[in-house]
Amino acid sequence: MPRAKRARASTLPRRSFLTAAGLLAAGAALEAYGPEQLRVFRSSAPAGRETSRPSTVAADGAVQLFAAPDVVDLGGRSAKTWTFNGSLPGPELRVPAGQLLRVDFENRLPAPTSIHWHGIAIRNDMDGVPGFTQRAIPSGGRFLYEFTVPDPGTYFFHPHAGVQLDRGLYGVLIVEDPAEPGRYDREAVVVLDDWTDGVGESPDRILAGLLANGMDHSKMPGMGHSMGGMHHGAGMAMATATRPLGDDTGDIRYPLYLANGRQARSPATLSAKPRERVRLRVVNAAADTAFRLALGGHRLTVTHADGFPVRPVTGDALLLGMGERYDALVQLHDGTFPLVAVAEGKSAQALAVVQTGRGPAPGAGVRPRELARRLLTADDFEAAADVDLGPVPPDRTHRLVLDGNMATYRWTINGRTMHGGAPLKVREGERVRLVFDNRSTMFHPMHLHGHTFQLRRIGPRDPGPRKDTVIVRPGERVTVDFDAANPGRWMLHCHNAYHQAGGMMTELAYEH
């Protein structure tokens, strides 16, 4: 759904970009962007081995991408996993809005796979859901993803097969706005992740244990150390000011939590200059973990939610559910500062370092005071005027009751798993309302393919932001509206990879 209007073209000089993936050996990379040399986030490549550089999309929009088994350095700890183009995170793709993107993808994995372009309103047959919008790409197979990217913003790509997302298969897609005002000096992409592959239990074994035994750890030898738990008390684990997602924030306690592919004991470092204004593009690529992000000694001014602009709001910390992306502006002070992403409710964290001057390196467990101050969530934002859908009454409303059976690890929408429920019918041209009613004890980041919706609230802060992924807390009811303007069969599911695999997904289907 293209945006209605754009800002005026900028007369400012081209900005400098700092990217997360695809540099030279760790700690040694200096990349030229424009007139100056910028130190960037360090690569996760094993020492002494070159890794691929960020993908340069050709003028005709062509790029080569492959998925393959690999060994990555997570910051002093190696792990066997699967990656895109041999880097973690995968290559960053950067294209202007309105361009045709042509991705020649080769599957070198020992299993079928696909690529889903998360958040992009593209044509249905390019959406990358095996058995639904395309056939799974077999081992040794190729597939050409070819589509026009309509809306500027921060997006990412990942498989849509089993729990492959819980390996190293993810990368960032930046769609640039040629009319971007450019009121900042540099960009930095920050990718957050929870990690078990190659250092703990494999994602496939974790899923098999959950599906076979539910949350009974006694029946999963060797897995109890890495598993979280669903709370079975009579009361629902409601959200509070100090626990914004409730008491039960995930099913898995991961061995590591990463920022740009590195653990907190050996963090990635961003070097910049004092008083520079940096645009942070933050992506939560985790499978089972929400993060609370803060930059020590600074405040964050959020400008975009899931790629779409919002009326800017300044806070101290930011909550990101799985699949969510936020852009924030920050003016850097002089010194060395921790960029901390706390794994919400899991007593662990990811860490990166922002350095503009002298100062001691922060420890892996540093907790800046900003984490306990004003926390921004989707509820704090309103869509910018040029992307507001407007107060159109819905033509059709679908209610979606979210629930789960902990004993069997069966997650449902309206009492059914994906293969047991009827599609949600819509017709092209309708304004459609979805009402998510969470009756489970866990939060669910609900993601709609092929569209963006707008949060609807009662009171002066309606309308809310435009998004494609929204957190629905325990006991909460969330209402969103979207325009049915992209015909096809589309997935709607929880972006907790294990809840999705346990059944919490359904189909949204256009009827004629």
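Strand β29 (residues 453-456) and strand β32 form an antiparallel pair joined by three bridges. Within this pairing, leucine 455 lies opposite valine 480 in β32. Strands here, like helices, are DSSP runs numbered from the N terminus, with at least two residues (E) for a strand and at least four (H or I) for a helix; two strands count as paired if DSSP finds at least two bridges between them.

The model is predicted: local features need pLDDT of at least 70, side-chain atom pairs count only at pLDDT 80 or more, and totals for chains, interfaces and linings use all residues. Residues are numbered from 1 along each chain as its sequence is written, and side-chain values use heavy atoms, with hydrogens and water left out.

Strand β32 covers residues 477-483. Another of its pairings is with β27 (residues 431-438), also antiparallel, over seven bridges. Here arginine 433 faces aspartate 481 of β32 across the pairing. Of the seven residues in β32, five are buried, so the strand is mostly covered (buried means under 20% relative accessible area, exposed over 50%, partly exposed in between, with a 1.4 Å probe and protein chains only).

Four strands make an open sheet in the order β5-β4-β7-β9, and the pairing is mixed. Its edges are β5 (78-84) and β9 (142-148), each of which pairs on one side only. From one strand to the next the twist averages 25 degrees; axes are lines fitted to C-alpha atoms, for helices over the stretch in contact, and angles run from 0 to 180 degrees between N-to-C directions.

In this sheet, β7 (residues 100-107) pairs with β9 in the antiparallel sense over seven bridges. Valine 103 stands opposite tyrosine 145 in β9.
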